[in-house]
Amino acid sequence: VLQRLPAARHAASSQAIAQALLCTERLERLIEQLLTLARVDGAEAAEGPACDAMTVLDRVACRKPARVRWRLPGELPWAALPDALLDCAVRNLVDNALKYSPPDRPVEVDATVLPHWLVVAVRDHGPGLTATQCEQAAEPFWRGQRQVEGAGLGLSIVATIAARHGGMLALAPAAGGGLCARLTLPLAETPVIPRIENSCDPGTARAGPTPV
């Protein structure tokens with residue numbers, strides 16, 4: 001409404017309105033994160049619908065910039081949690097890594113399958129955390145001394161999703177600098193679905209000659 005008023009054409013008014021809109025958008029994101037955390041934290045840890053892990057990871061990859069390098073095996077089994085929650089967990093890990101990595105350094109995502117487990121490791125090349133900070137970083141609203149946008153809920157949401165479905169999130173300093181976030185989730189008792197094609201548009205996040 002303010003943007004439609006004649007006064008909005010003045011530089012000072014226009015700047016104030018833009019700042020109000022920016023703050024409103026940040027508040028909206030915070031509310032969405034709090035609602036997500038409340039829903040996941042309040043849910044009973046029970047068997048729910050499984051999801052096709054390859055489909056979810058491909059979908060998240062298609063939304064991320066090309067500097068995110070994905071290393072995915074030729075096929076992935078189903079994971080024992082709903083599609084939307086695996087999407088949310090991986091997306092939050094990648095977004096967190098992008099937030100702290102320099103724009104000229106890649107974010108690396110590796111998916112592997114162990115007996116009974118799916119492991120998604122996300123590594124950045126940012127300032128990293130100490131071992132003590134890694135133990136605190138998944139607590140709600142923890143941000144340490146880092147001056148970046150956000151409320152400190154992303155990793156907490158991922159940790160809660162993992163715990164509620166029998167998995168875990170582990171954070172550790174990466175060799176050579178940066179942070180490695182390792183999301184481990186149980187596999188569902190569903191046959192492996194072969195990967196037929198990559199649904200990503202041209203130019204999305206795939207790592208050159210690395211086998212996928």
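Biologist: Does threonine 184 count as buried or exposed?

Modeller: Threonine 184 counts as buried because its relative accessibility is 14%; buried means under 20% relative accessible area, exposed over 50% and partly exposed in between, with a 1.4 Å probe and protein chains only. This is a predicted model, where local features need pLDDT of at least 70 and side-chain atom pairs count only at pLDDT 80 or more, while totals for chains, interfaces and linings use all residues. Residues are numbered from 1 along each chain as its sequence is written, and side-chain values use heavy atoms, with hydrogens and water left out.

Biologist: Which strand is threonine 184 in, then?

Modeller: Threonine 184 lies in strand E8. Strands (E, at least two residues) and helices (H or I, at least four) are DSSP runs, numbered from the N terminus.

Biologist: And what does threonine 184 touch?

Modeller: Leaving out residues up to four places away in sequence, threonine 184 touches Trp117, Leu118, Val119, Gly167 and Met168. Contact here means heavy atoms within 4.5 Å.

Biologist: OK, zooming out. How many helices and strands are in the protein chain?

Modeller: Five helices and nine strands. Buried residues make up 39% of the chain's 212 residues.

Biologist: What's the strand order in the open sheet of five?

Modeller: The order is E2-E5-E6-E8-E7, with mixed pairing. E2 and strand E7 (168–173) are the edge strands, each pairing on one side only. Pairing needs at least two DSSP bridges between two strands.

Biologist: In what sense do E2 and E5 pair?

Modeller: Parallel, over four bridges, with E2 at residues 68–71 and E5 at 107–114. Arginine 69 stands opposite glutamate 108 in E5. On the E6 side, glutamate 108 stands opposite arginine 123.

Biologist: How do E5 and E6 pair?

Modeller: E5 and E6 (residues 117–123) are antiparallel, over seven bridges. They form a hairpin with two residues between them, and histidine 116 in that turn has a positive phi of about 75°.

Biologist: And which way do E6 and E8 run?

Modeller: Antiparallel, with seven bridges joining E6 to E8 (residues 179–186). Leucine 118 has leucine 185 in E8 as its bridge partner.

Biologist: Which helix packs on the sheet there?

Modeller: Helix H5 (residues 154–164), which touches E7 and E8, and whose direction makes about 135° with that of E7. Axes are lines fitted to C-alpha atoms, for helices over the stretch in contact, and angles run from 0 to 180 degrees between N-to-C directions.

Biologist: At what angle do H3 and H5 pack?

Modeller: Helix H3 (residues 83–100) and H5 pack at about 145°, with their axes 9 Å apart.

Biologist: Which residues meet there?

Modeller: From H3 there are Leu85, Cys88, Ala89, Asn92, Leu93 and Asn96, and from H5 Gly154, Leu155, Ile157, Val158 and Ile161.

Biologist: Last topic, the largest nonpolar core. Which members touch the most others?

Modeller: Trp70 and Leu86, out of 44 residues in that core. A nonpolar core is a set of buried Ala, Val, Leu, Ile, Met, Phe, Trp, Tyr and Cys residues joined through side-chain atoms within 4.5 Å. Helix H2 (53–63), E2, H3, E5, E6, H5, E7 and E8 each supply at least two residues of this core.

Biologist: What gives the most to this core?

Modeller: H3, with nine residues.
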